[in-house]
Amino acid sequence: MTSSTTPGLARFNTSEETAATAELHEVCASSAWGSKLLAQRPFASTDSLFAASDAAMAELTSADLEEAMAGHPPIGRPKPGDPTSAREQRGMAGASEELKAELLELNLAYQEKFGHVFLICATGATAEFMLGQIKTRIENAPEQEREIVRAELGKINRIRLTRLVEEGSDA
């Protein structure tokens with residue numbers, strides 16, 4: 001990603017507040033994160049947008065993180081009719097039924113332990129990689145896992161923001 005201003009970034013910078021809010025909500029379901037970014041418009045570059053996103057993510061409270069996670073479906077079960085969810089979980093497409101069943105079982109155990117979905121930046125990840133990650137991360141302490149989730153959300157937000165500023169309103 002370059003530090004230049006793209007047509008999509010220029011469009012985002014000048015879009016009506018309600019439209020920009022809706023676009024940010026598609027990137028991240030945390031209203032606090034979206035509000036922080038909205039208040040900083042216009043962004044001089046994609047790098048400044050990313051920096052603002054990272055800073056806003058670092059400041060999210062536990063409740064804000066819960067709100068952000070609520071916008072993500074479980075791994076292996078993308079939201080029906082949601083092209084973003086399907087695209088991000090593409091690595092699950094070739095998974096065996098056994099792997100999918102094991103991942104579902106571990107998703108449920110993870111959710112029971114931590115109170116939220118297993119969140120991982122799934123873009124480009126294989127089903128086997130995600131299965132290995134959940135097996136490892138389910139052993140984490142809640143505080144440790146919360147910070148891993150924050151980092152994973154940050155990665156997801158950067159990918160989604162990149163689509164927003166590169167593709168404009170198609171994001």
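Are Tyr110 and Phe118 buried or exposed? Tyr110 is buried, and Phe118 is buried as well; buried is under 20% relative accessible area, exposed over 50%, and partly exposed in between, with a 1.4 Å probe and protein chains only. The model is predicted, with local features needing pLDDT of at least 70 and side-chain atom pairs counted only at pLDDT 80 or more, while totals for chains, interfaces and linings use all residues. Residues are numbered from 1 along each chain as its sequence is written, and side-chain values use heavy atoms, with hydrogens and water left out.

**View A. Aromatic cluster of Tyr110, Phe114 and Phe118.** The structure holds two aromatic pairs (ring centres within 6.5 Å, using the six-membered ring for Trp; planes under 30 degrees apart are stacked, over 60 edge-to-face, the rest tilted). Tyr110 and Phe114 form a tilted pair, 4.6 Å centre to centre with 50° between the planes. Tyr110 and Phe118 form an edge-to-face pair, 5.2 Å centre to centre with 80° between the planes. Tyr110 and Phe114 lie four residues apart in helix H7, about one turn of the helix (helices are DSSP runs of H or I with at least four residues, numbered from the N terminus).

**View B. The largest nonpolar core.** This core has 45 residues (buried Ala, Val, Leu, Ile, Met, Phe, Trp, Tyr and Cys joined through side-chain atoms within 4.5 Å). Among the residues with the most contacts inside the core are Trp33, Leu37 and Met92. H9 gives the most to this core, with six residues. Met92 touches residues including Ile75, Leu99, Leu103 and Met130, not counting residues up to four places away in sequence (contact means heavy atoms within 4.5 Å).

**View D. Packing of H2 and H9.** The two helices pack at an angle of about 140°, with their axes 9 Å apart (axes are lines fitted to C-alpha atoms over the stretch in contact, and angles run from 0 to 180 degrees between N-to-C directions). H2 and H9 are therefore oblique to each other (under 35 degrees is roughly parallel, over 145 roughly antiparallel, 65 to 115 roughly perpendicular, and the rest oblique). Glu23, Leu24, Glu26 and Val27 in H2 meet Asn157, Arg160, Leu161 and Leu164 in H9.
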